[in-house]
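Welcome to this short tour. Please open your viewer and keep the sequence panel ready.

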Amino acid sequence: MKLNYKRTFLVGLAFLSISAFWQMYDGVIPKILTGTFGIGETISGAIMAADNVLALFLLPFFGSLSDKCNTRIGRRMPFVQYGTIAAVLLMLTLPLIDKSYAAAPAEWKLIAFIIVLGVLLITMGTYRSPAVALMPDVTPKPLRSKGNAVINLMGAAGGILYLIVSSVLYSNKRIGNVEHVDYFLLFAVVAGIMAVAVLVLRLTVNEPKLVAEAKQYDTDEAEVTETTAKEKLAKPVVKSLVFLLISVFLWFFGYNGITTWFTTFAGQAWGMALGDASLCLTIATAGAIVSYIPIGHLSAKIGRKKSILLGTAVLASCFAAAYLYTLYANSFSPILYLIFILVGFSWAAISVNSLPMVVEMCHLSDVGRFTGYYYTFSMAAQTITPIAAGALLENVSYKVLFLYSALFVAASFVTMLFVRHGDTVAPTKKSLLENFDTED
């Protein structure tokens with residue numbers, strides 16, 4: 001039994017389109033809210049956190065709803081197909097409203113922008129879970145680890161594709177002297193990427209047929225569990241779990257503060273255009289991707305906890321170094337690219353090992369529940385930190401952004417020291433693609 005890589009890459013086109021959208025959302029929407037509409041960073045941060053709040057409710061609901069769906073084109077495909085169509089139409093109206101407001105400000109235009117943005121976020125929430133669930137549906141159980149690695153690669157490709165486009169179209173050379181930046185072309189390109197990706201997916205993937213084929217490889221044997229009875233975790237294990245989940249919350253709190261506000265920060269503190277700021281994020285993403293293989297080998301040798309401690313130490317140091325730089329410089333220096341490469345490496349070290357440590361502490365029958373714990377803490381952090389960081393930028397200074405993130409990541413290093421369980425040394429991956437299987 002071998003994984004059909006071509007088919008899995010095609011299935012991953014849905015996740016590629018989703019990742020391209022969210023990369024653009026984080027990079028552009030804060031600039032529009034603060035720049036065009038003059039909304040304070042605190043309120044802008046609350047708006048930026050709305051997608052995470054909605055995700056807590058929409059993702060499980062529509063994932064479950066798609067489980068019960070039965071149509072001619074499959075269970076997941078209707079959500080992916082029609083959700084993408086609606087999202088493309090909605091997102092193309094946002095830069096039009098933005099441009100109209102810049103030309104002739106009016107309160108109703110701001111209200112219209114917020115409403116359309118809200119409906120767009122709901123629309124994106126309707127098909128993210130079905131899109132992710134499509135891969136396990138069409139992939140036999142023994143091959144899902146490799147399949148998930150391919151999906152992660154496609155998601156990273158979508159993010160980098162957007163960052164490259166924005167770097168080319170919205171560099172300082174092109175928009176440096178423009179009073180108001182028109183983002184319609186960028187939205188149109190991303191909408192085109194989303195539409196083409198899902199169109200190719202729809203034309204090449206026959207979901208009902210592939211699901212039927214995958215089921216032929218699965219047996220009807222009962223799931224093997226470590227215990228048939230519900231057993232409470234030992235107190236030392238519970239303590240480790242609590243500290244690990246606190247660590248998850250803290251490093252997401254620090255890291256997501258940067259990813260949400262960096263392009264806005266770069267414009268305010270360093271005078272960078274969107275495209276130039278996006279290049280920094282591109283380098284960080286590329287640094288993470290090329291680090292997965294060495295991180296996989298490193299984790300196999302020294303264990304998950306030490307790998308995470310290394311990652312949090314390097315990440316906090318990178319953010320601290322960037323903060324010190326902002327104290328003495330008002331413009332960007334290419335030497336900072338090295339910091340962003342290290343940011344990518346350190347985040348890979350954290351993300352590869354954190355979820356496996358969580359589920360290592362539970363019985364096989366509780367993996368789903370413990371995975372839920374992980375995402376509850378990570379999503380909670382990503383909901384709160386845009387607001388907290390936005391309030392700090394608005395009321396203190398933009399220059400404290402990196403210090404803010406450095407302190408929270410450093411705090412996660414401290415809490416990780418109290419984790420005593422879940423540190424089974426991971427086996428070396430058998431293939432290159434399995435090193436990308438982070439479950440994040």
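Buried means under 20% relative accessible area, exposed means over 50%, and partly exposed lies in between (1.4 Å probe, protein chains only). This is a predicted model, where local features need pLDDT of at least 70 and side-chain atom pairs count only at pLDDT 80 or more, while totals for chains, interfaces and linings use all residues. Residues are numbered from 1 along each chain as its sequence is written, and side-chain values use heavy atoms, with hydrogens and water left out.

**The whole chain**

Start with a cartoon view: the chain has 15 helices and zero strands. Helices (H or I, at least four residues) and strands (E, at least two) are DSSP runs, numbered from the N terminus. Of the 440 residues, 55% count as buried.

**Stop one: Ser 166**

Select residues 144-169 to see helix H6, where Ser 166 lies. Is Ser 166 buried or exposed? Ser 166 counts as buried because its relative accessibility is 0%. Now show its contacts (heavy atoms within 4.5 Å). Leaving aside neighbours within four places in sequence, you will find Ser 171, Leu 186, Gly 275 and Ser 278 in contact with Ser 166.

**Stop two: Cys 69**

Next, select Cys 69, in the loop between helix H3 (41-68) and helix H4 (77-103). With a relative accessible area of 17%, Cys 69 is buried too. Which residues does Cys 69 touch, not counting those up to four places away in sequence? They are Gly 74, Arg 75 and Phe 79. Finally, try the distance tool from C-alpha to C-alpha: Cys 69 and Phe 79 are 9.6 Å apart in space and 10 residues apart in sequence.
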